[in-house]
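Subject: Structure handover

Hi,

Here is the structure for you to work with.

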Amino acid sequence: MPSTALGEFVGTLVLILLGNGVVAGVLLEKTKSNGAGWLVITAGWGFAVLGGVLVAVGLGAPGELNPAVTLANVIAGTRTVPDALGHVAAQMAGAILGATLVWVHYFSHWRETRDQGAILACFCNAPAIRRPVPNVISEIIATMVLVLVASAIGSTGVAGSTPATNLGPALVGALVWGIGLSLGGPTGYAINPARDLGPRIAHAILPIAGKGGNDWGYAWIPVVGPLAGGALAALLWAALSAANGVPT
């Protein structure tokens, strides 16, 4: 296990606690923020990314928090396969524990919520219109935007000769907020296999009052789509950089 795995674990925990926490606050009954809407959810997720990345980087990790980003870094040659596997394991564990803390934090509100779909949405994604091919394409496109723009944020052309590590997490958080506003409508923009699969596992194993099924039939889309999108974006960024003579 790489030394950076701890940061990836804690950072992903913070990401899921704050990200799924804002969803729970909006969707669960009798919370102070019930019904606050999509703008609040997307903003909350942007701030969740900021918080998670800052914690991970502060602990010496790269702040990937996302197997799709980790895969993109392997393709780009900035991450070894053994380190990547350690990061993904840490991200998954952090996502499960983060979702568990959301359950604990909103403990009194699960039994007050009769909508099983709303309860599941506090953990993982479901599409607005269930059509597998368009759904997976949406996840591919949104994740490509995530990885492409994040690559630009970290490039020397944007950050200078030394990446602006203090500014980078804020820019990535703003990026995720923008993706949610512009591209999140069809599927809820998982754009991160750990963000969906980890909490979905937590939903399956936790004794959540009033919960229904786990929708495993959809679960492959928020995994395959982001991984494909991350890989394609890494290849595209490398090709564009090479064609323009810009170092990656």
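Asp196 is buried, at a relative accessible area of 0%. Buried here means under 20% relative accessible area, exposed over 50%, and partly exposed in between, with a 1.4 Å probe and protein chains only. Arg200 is buried as well, at 0% relative accessibility. These two form a salt bridge, with their closest N and O atoms 2.8 Å apart. The term covers a side-chain nitrogen of Lys or Arg within 4 Å of a carboxyl oxygen of Asp or Glu. Both residues sit in helix 10, four residues apart, so about one helical turn separates them. Helices are DSSP runs of H or I with at least four residues, strands are runs of E with at least two, and numbering starts at the N terminus.

Before the rest, the ground rules. This is a predicted model: local features need pLDDT of at least 70, side-chain atom pairs count only at pLDDT 80 or more, and totals for chains, interfaces and linings use all residues. Residues are numbered from 1 along each chain as its sequence is written, and side-chain values use heavy atoms, leaving out hydrogens and water.

How many salt bridges does the rule give? The count is four. Side chains of opposite charge can pair when their charged atoms come close.

Glu112 and Lys30 make one of them, at 3.1 Å from N to O. Glu112 is in the loop between helix 5 (107–110) and helix 6 (116–121), and Lys30 is in the loop between helix 1 (5–27) and helix 2 (38–58), so the pair ties together parts 82 residues apart in sequence. Glu112 is partly exposed at 31% relative accessibility. Lys30 is exposed, at 63%.

Asp215 and Arg130 make another, at 2.9 Å from N to O. This pair also links distant parts of the chain, 85 residues apart. Asp215 lies in the loop between helix 10 and helix 11 (221–244), Arg130 in the loop between helix 6 and helix 7 (132–153). Asp215 is partly exposed, with a relative accessible area of 24%.

Now the side chain of Asn192. Asn192 is in the loop between helix 9 (168–183) and helix 10 (193–205). Asn192 is buried, at 6% relative accessible area. A polar atom of its side chain lies 2.9 Å from the backbone oxygen of Leu65. The backbone nitrogen of Ala194 is also 2.9 Å from a polar atom of the Asn192 side chain. Leaving aside residues up to four places away in sequence, Asn192 touches Leu15, Leu65, Asn66, Pro67, Pro222 and Pro226 (contact means heavy atoms within 4.5 Å).

Best wishes

Notes. A polar contact is a pair of N or O atoms within 3.5 Å; within protein, one must be able to donate a hydrogen and the other to accept it, and residues adjacent in sequence count only if both atoms are side-chain atoms.
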